Amino acid sequence: MEAFCGSKLSHFWDSNRTLYWDTPDLTECFQMSVLSWIPCIYLWLAFPFYFLYLKKNSKGYIMMSLLNRVKMIFALVLWIVCWADLFASFHEMHQGSHIAPIFFVTPLVVGMTVLLATFLIQYERLRGVQSSGVLFIFWFLSVLCAIVPFRSKILQISLKNRVEDKLRFTTFYIYFGLIVVQLILSCFNEKPPLFSSVVTDPNPCPESSAGFLSTMTFWWFTSMAIKGYKNPLENKDLWSLNKRDSSEVIVPKLLREWEVEQAKVQGEVQALYSKSPLTTEANHVERSPAEAEVLLMEKGEVRQPSFLRCLLKAFGPYFLIGSAYKLLQDLITFINPVLLSMLISFIGNQKQGVPSWWGYALAFLMFFCALLQTLILHQHFQYCFVTGMRLRTAIVGAIYRKSLVITNAAKRSSTVGEIVNLMSVDAQRFMDLTTFLNMLWSAPLQIILALYFLWQNLGPSVLAGVAVMILLIPLNAAIAVKTRAFQVEQMQYKDSRIKLMNEILNGIKVLKLYAWEDSFKEKVLGIRQKELHVLRKMAYLGAVSTVAWTSAPFLVALTTFAVYVMVDENNVLDAEKAFVSLALFNILRFPLNMLPQVISSVVQASVSLKRIQNFLSHDELDLNSVDRKNTTAGFAVTVVNGKFSWAKNDPATLHNMNLMVPQGSLLAVVGHVGCGKSSLVSALLGEMEKLEGEISIRGSVAYVPQQAWIQNATLRDNILFGHAYNERKYRSVLDACALTPDLEVLPGGDMTEIGEKGINLSGGQRQRVSLARALYSDSDVYLLDDPLSAVDAHVAKHIFDKVIGPEGALSGKTRILVTHGISFLPQVDNILVIVDGRVSEVGSYQHLLKENGAFAEFLRNYALEDIIEEDESLGPLMEEDEESFPEDAMSNHIDMGDSAPSVNEAKRQFIRQISVISTDSENTRKMSVRTRRHSERKHVEPPPEKKREMAEKLIQAETAETGRVKSKVFLEYIKAVGPLLSLFICFLYGCQNAAAVGANIWLSQWTNDARNNKTDTSRDMRVGVYAVLGLSQGVLLLGIAIHCRAYSMLRAARVIHHNMLHAILRAPQAFFEATPSGRVLNRFSKDVDTIDCLIPENIDIWMRTFWYTATVLITCSALTPIFFIVIVPLTLFFWWVQRFYVATSRQLKRLESVSRSPIYSHFSETITGTSVIRAFGRHSAFIQISDMKVDENQKSYYPGIVANR
């Protein structure tokens, strides 16, 4: 190396000059070689990977800006300066001077590297990079390495009073100035690329355009923090979600991987199916592939599709970046104990002439390491939290999409309550796991490194500590297995509870009508009690695990120190050994504390993983079971030899179905209750399993179900159902469906918000809105499942005449009408009679009457029933006042023709009698109640302006609290726990920390024995007291864990749930009309889970942190009183910082909680109307709405996780 540097320069390394002088300096050879090459080596190593990344990820094109031009000019000048050095060396060599190789190599290397940096500046602009982290680090390293020569040259001038090499002196300072300018310029951002979303988005997230330095320090978040500190944040203040984190990008990525995984498993099934003897029985009866698949899975020959593998493929690469940060942070963690050892040695050797700058340098290095560690750790957490957020988005999206297509058999096993839990609790488990998932490999790595350094410090004595840790592993494994079993049991109870709550909310009207609140409350509390019993068992196991692993660092320290001083009399526990070992034991404390929590999270996530995997593996409806490309001439609906069941393994519901419906005809489907009429409609929609035969439908389909499905939206939106608004068409639909009079009654007209499940509409109104939706869709085929059963008789006649009948709005369209109203049958084109799931008769009304078969029998039965019912009601009706005579009682059955049986003649006479009574009474008495009400409404109809004023929003948006969390909230929780018990728990935490401080003070006294030569006399006593103090910590921890987790917190959870359930069941009916069930379910699923699990953990973390900080500050102030002068301003500063950021963080948490409920409300609404959504082909639109609601929730969650950084 000296030959490379030449005789002009000093040696490559001089330890005396560098380490032991009062004014230390590095040799010129070292400066020109190592310091000059370090940034160059970094950039050339990073270039291939960075270039490939840029090539694959283009964000657009950035126009040449002033900033870019300035960067280019300075880079070119820098390149010229480097070449000037090189040409100067050639010139000197040409003059006959002996020039060392380093004067050629270093300018050449630096010049080529600057040229590479110049190329990257332009290439980044072309690929849309606004701020370059790679170049920022390069310029930073260049400046850092140039500071030493900068100082060195000034020192040489001050010593020699002259400059020896003026050219190189001048070029160096020009070089230094230019790289400082480049470093400053790299802190600024370029403009966004052309046509990027940042330009078009009204409120973009500043992270996407933040510089490297801003990203590393999260400075881009400051604007929101300031806004949140000044005023409580509102939804409009939130930034748009980054495109890369949106459902539009995230969900398809996971679903692609899931489809690939399913295809792989399917391929394995087919391969085994072709080889397996199960495919053919002994009697050579062929098995279907589906049956073979079930049998192979039962025998364990075929694996299920792995959802975990899909998650790893979709989100693993991004998560690995966070893992890389974690690895770097772990390695930096162990620098501090080494620096501490050097600092203690420096203090001990101060009298031996060690330069004082060593102490300052070591203190600065310790601070710099802590700062670097913090920056890297929070980058790791950012990647982990974002991965968790993306996992939740993907899982919720996948579950929502799956719920739209699962079969009826799958719905039996996966209830609404269970699916809500999958979306809320199970998805949350994955979010919680990703935060500390890296601890699975990081904890063992930290433990191994800590033990290695301990071995260096204490020798083989550390093996005693290793033995303690090994003994704890089987205990923890047994606890993990048992916890997993309890977790499965708890989730089953949670599913049952949410399912029952969903049923209660759906049937709350009936519940209140029969005053069943108390009995259902007892049922819910019974399930809750079982759930809490399981949680208590888990808490006991958790307490043992926590005590074992929290005490582990101390037990390791105790056994190691005890063995160290016992095995050899020459082993003395001095300050350096004790406190460096203690620092290592403290590093050991975090991974050992975290391991049980991570293992517990992994166990919980594995249960959730299996539940989600099972749900996503459910069979889906065959979307191709109905042929939509019907080419049969003249027929809109065709069924040939159809055989259908509700599940693959169920017996067939419909047999040998043959049906051909001519284009534009009206087909009535009749039959007794339970004969299969609605099943036929479901089969035509593709909702049933097609066992045999073919179905084909030409054109689009509109469906009116027997139970009307109404969305929580305005009346107009329910009718439009995603179609464009056409005033003329819309008004004609309202008139046809007899909805115009209802608009006069509703406070906001057609803009009135309809409650969840149409709760503020009558049954007839709901059915007419459902019919209006179908009519407005202007479809080709209409499937009407008994739409007239829920409406009044005169309204039914109006609807049939104006909508369904031969003269109605749907004349010319293909209509299949399931009905019990025999009065409309003469007007239909054809009638299909179903008996016990089979087609009995098909033909026109007159034809079927002549046949005198099942249809004639059906007519006789229904006509007689109607006569008996009306005959029974006739007497009271004639005696009562006309005001109580309902119009609905008057039959509107029409004459059925001359060929009708004699029963029909009696029917006609009865109808005429009723008509006479009705007509006479109208002439002599007042109008009926309903008629009079309609008349009054018409006369007092308010003007449109007033109508709009009266209109109120039925479902009010969920509001979030603002400002600080009120003390009442904390007091309520303390009251639920128990005030005295809360104080006792705080006292136990204080005692535990006092014991920990006492152990450290005792250890400090123990190390003083080495200086006073008292090691022999006091050794046993020192070990004994140290052991007692440590064991007392373990006992106190056990007391805390049992009192806190297993008793008090669960007591609070029980009380809060009980009070909430009591309040919900006692709420008036108006509350349920104005509150979506999803909002209530959110309280009982996610929020109750938070009270059960998260709040106890957070209280534990807060209490430990508080007492640990308090004891450290008190101890330091007591031992070093001058420390108190520093701690007061620091405490005030951190208190202000905490107030500044917590104001924003708290409000973001509230907004996130509020925006979560609409996800579950929308899902609950969707799951009840899946058949309607599929029939109208609106599943894509509903998926988009769900994704939008999830993104809206993540909009507040994402800045929330950044606020905590």
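**Entry 1: a serine to start**

I began with Ser 152, which sits in helix H6 (residues 133–160); helices here are DSSP runs of H or I with at least four residues, strands are runs of E with at least two, and both are numbered from the N terminus. I'm working from a predicted model, where local features need pLDDT of at least 70, side-chain atom pairs count only at pLDDT 80 or more, and totals for chains, interfaces and linings use all residues. Residues are numbered from 1 along each chain as its sequence is written, and side-chain values use heavy atoms, with hydrogens and water left out.

Is Ser 152 buried or exposed? Ser 152 counts as buried, at 1% relative accessibility; buried means under 20% relative accessible area, exposed means over 50%, and partly exposed is in between, with a 1.4 Å probe and protein chains only. Setting aside neighbours within four places in sequence, I found Ser 152 in contact with Asp 25 and Gln 31, where contact means heavy atoms within 4.5 Å.

**Entry 2: the overall picture**

I stepped back to the whole protein, which has 41 helices and 10 strands. Of its 1205 residues, 48% count as buried. The accessible surface comes to about 57800 Å², and 62% of that belongs to carbon and sulfur atoms; such areas come from the Shrake-Rupley method with a 1.4 Å probe, and for residues only the protein chains shown count as cover. I also looked at contacts between residues at least 6 apart in sequence: 81% of these join residues at least 24 apart.

**Entry 3: the cores**

Which residues touch the most other members of the largest nonpolar core? They are Ile 719, Leu 825, Ile 831 and Phe 855, in a core of 138 residues. A nonpolar core is a set of buried Ala, Val, Leu, Ile, Met, Phe, Trp, Tyr and Cys residues joined through side-chain atoms within 4.5 Å. Helix H15 (residues 357–403) gives this core its largest share, 7 residues. I noted a second, separate core too, with 42 residues, including Ala 443, Ala 450, Phe 585 and Val 1023.

Back to Ile 719: not counting residues up to four places away in sequence, its partners are Tyr 730, Val 733, Leu 734, Leu 739, Val 769, Ala 772, Arg 773 and Tyr 776.

**Entry 4: ring pairs**

I counted 47 aromatic pairs in the structure. Rings of Phe, Tyr and Trp (its six-membered ring) pair if their centres lie within 6.5 Å; planes under 30 degrees apart are stacked, over 60 edge-to-face, and the rest tilted. Tyr 452 and Phe 453 make an edge-to-face pair, 5.4 Å centre to centre with 75 degrees between the planes. Tyr 452 is partly exposed at 47% relative accessible area, and Phe 453 is partly exposed at 26%.

Next I checked Tyr 730 and Tyr 776, whose ring centres are 6.4 Å apart with planes at 80 degrees, so this pair is edge-to-face. Tyr 730 lies in helix H25 (residues 727–736) and Tyr 776 in helix H27 (residues 763–777), so the pair ties together parts that are 46 residues apart in sequence. Tyr 730 counts as buried at 0% relative accessibility, and Tyr 776 is buried at 1%.

I also found a cluster linked by ring pairs: Phe 150, Phe 169, Phe 172, Tyr 173, Tyr 175 and Phe 176.

**Entry 5: a nonpolar patch outside**

Nonpolar side chains tend to be buried together in soluble globular proteins. Still, I found a nonpolar patch on the surface, made of Tyr 229, Ile 1122, Ile 1125, Val 1126, Leu 1130, Phe 1133, Phe 1134, Trp 1135 and Trp 1136, with about 970 Å² of accessible area together. Patch residues have over 30% relative accessible area and no salt bridge; like charges are joined within 9 Å, and nonpolar side chains (Val, Leu, Ile, Met, Phe, Trp, Tyr) within 5 Å. A salt bridge is a side-chain nitrogen of Lys or Arg within 4 Å of a carboxyl oxygen of Asp or Glu.

Which helix gives the most to the patch? Helix H39 (residues 1123–1168) does, with 7 residues. Ile 1125 lies in helix H39 and is exposed, with a relative accessible area of 62%.

Most residues other than glycine have a negative phi. Asn 641 has a positive phi of about 50 degrees although it is not a glycine. I placed Asn 641 in strand E2 (residues 635–645), partly exposed at 43%. Asp 778 also is not a glycine, and has a positive phi of about 55 degrees. Asp 778 is in the loop between H27 and strand E7 (781–785), and counts as partly exposed at 44% relative accessibility.
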